[in-house]
Amino acid sequence: MPETQVPVVISGAGPNGLMVACELALAGVRPMVLERLPAPSDEPKANGMVGQVIRMLDMRGLYRRFTGSDDPPHPAYQWIFSGMSVPLFGVRDNPMYALMMAQPNLSGCLTSAHANSVSTSAGATS
Ligand SMILES: Cc1cc2nc3c(=O)[nH]c(=O)nc-3n(C[C@H](O)[C@H](O)[C@H](O)COP(=O)(O)OP(=O)(O)OC[C@H]3O[C@@H](n4cnc5c(N)ncnc54)[C@H](O)[C@@H]3O)c2cc1C
């Protein structure tokens, strides 16, 4: 493939675009991520991830990399829904996993996770 062509262009280096890029890289595809901002945003947005995405990160070897610990993810014993505390202790296949992580930090970790196989172009719109 000529150097001026890339197999996949991803619009936006947010968590979703970066995660797609990581998945493609694992499959041997070298995508190009175009991000219109000239530098990573430090705007505070999400403070963490909740649910099955945590298991998926663990399957990809990213959970322990992000936490810096060898511990696998553990489901939460309770969670707050609509202001109510819901006990989850003993629930079979409890799906309530969580990882508190500020969004700018998550984006940085995803960017470095496959830095060798994902190209990112800052200040570029699609
Ligand atoms: C103020 C605020 C607070 C929030 N708080 C929470 C929270 O507490 N909990 C929670 O779960 N979620 C929260 N969210 C939502 C969370 O931030 C989003 O769900 C998340 O950012 C979505 O990720 P994304 O990758 O889809 O999009 P984004 O993070 O929006 O990333 C999209 C990227 O694409 C770039 N882009 C857009 N158009 C183009 C283009 N044409 N060409 C190139 N680049 C482009 C943008 O610059 C951006 O970097 C909050 C959002 C905001 C704005």
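Across which strands does helix H1 lie, and at about what angle does H1 run to S1? Helix H1 lies across S1 and S2, and its direction makes about 160° with S1. Axes here are lines fitted to C-alpha atoms, for helices over the stretch in contact, and angles run from 0 to 180 degrees between N-to-C directions. Two residues are in contact if their C-beta atoms, placed from the backbone, lie within 7 Å. Welcome to a predicted model, where local features need pLDDT of at least 70, side-chain atom pairs count only at pLDDT 80 or more, and totals for chains, interfaces and linings use all residues. Residues are numbered from 1 along each chain as its sequence is written.

**View 1. The protein chain as a whole has 4 helices and 7 strands.** Helices (H or I, at least four residues) and strands (E, at least two) are DSSP runs, numbered from the N terminus. Followed along the sequence, the pattern reads β-α-β-β-α-α-β-β-β-α-β. The C-alpha atoms fill a box of roughly 55 × 30 × 25 Å along the principal axes. Among contacts with a separation of 6 or more, 62% join residues 24 or more positions apart.

**View 2. Three strands make an open sheet in the order S1-S2-S7, with parallel pairing.** Strand S1 (9-11) and strand S7 (119-122) are at the edges with a single partner strand each, so one side of each has no neighbour in the sheet. From one strand to the next, the twist averages 20°. Two strands pair if DSSP finds at least two bridges between them; S1 and S2 pair over 3 bridges in the parallel sense. Look for Val9, which stands opposite Met32 in S2.

**View 3. The largest nonpolar core brings together 12 residues, including Ile10, Leu18, Val33 and Leu110.** Such a core is a set of buried Ala, Val, Leu, Ile, Met, Phe, Trp, Tyr and Cys residues joined through C-beta atoms within 7 Å. H1, S2 and helix H4 (103-113) each supply at least two residues of this core, and H1 gives the most, with 4 residues. Leu106, one of the core residues, touches Pro15 and Met101, leaving aside residues up to four places away in sequence. Apart from this core lies another, of 5 residues, among them Ile54, Leu57, Tyr63 and Tyr97. In soluble globular proteins, nonpolar side chains tend to be buried together.

**View 4. The ligand is surrounded by 18 residues.** A residue belongs here if its C-beta atom, placed from the backbone, lies within 6 Å of the molecule. The closest are Gly12, Gly14, Asn16, Lys45 and Ala46. Helix H1 (15-26) and strand S2 (32-35) each supply at least two residues of this shell, and H1 gives the most, with 3 residues. The shell divides into 5 nonpolar, 10 polar and 3 charged residues. In this count, Ala, Val, Leu, Ile, Met, Phe, Trp, Tyr, Cys and Pro are nonpolar, Asp, Glu, Lys and Arg are charged, and the others, Gly among them, are polar.

**View 5. Asn47 sits in the loop between S2 and strand S3 (48-50).** Is Asn47 buried or exposed? Asn47 counts as exposed because it has 11 C-beta neighbours inside 10 Å. A residue is buried if 20 or more other C-beta atoms, placed from the backbone, lie within 10 Å of its own, exposed if 12 or fewer, and partly exposed in between. Asn47 touches Met100 and Ala102, not counting residues up to four places away in sequence.
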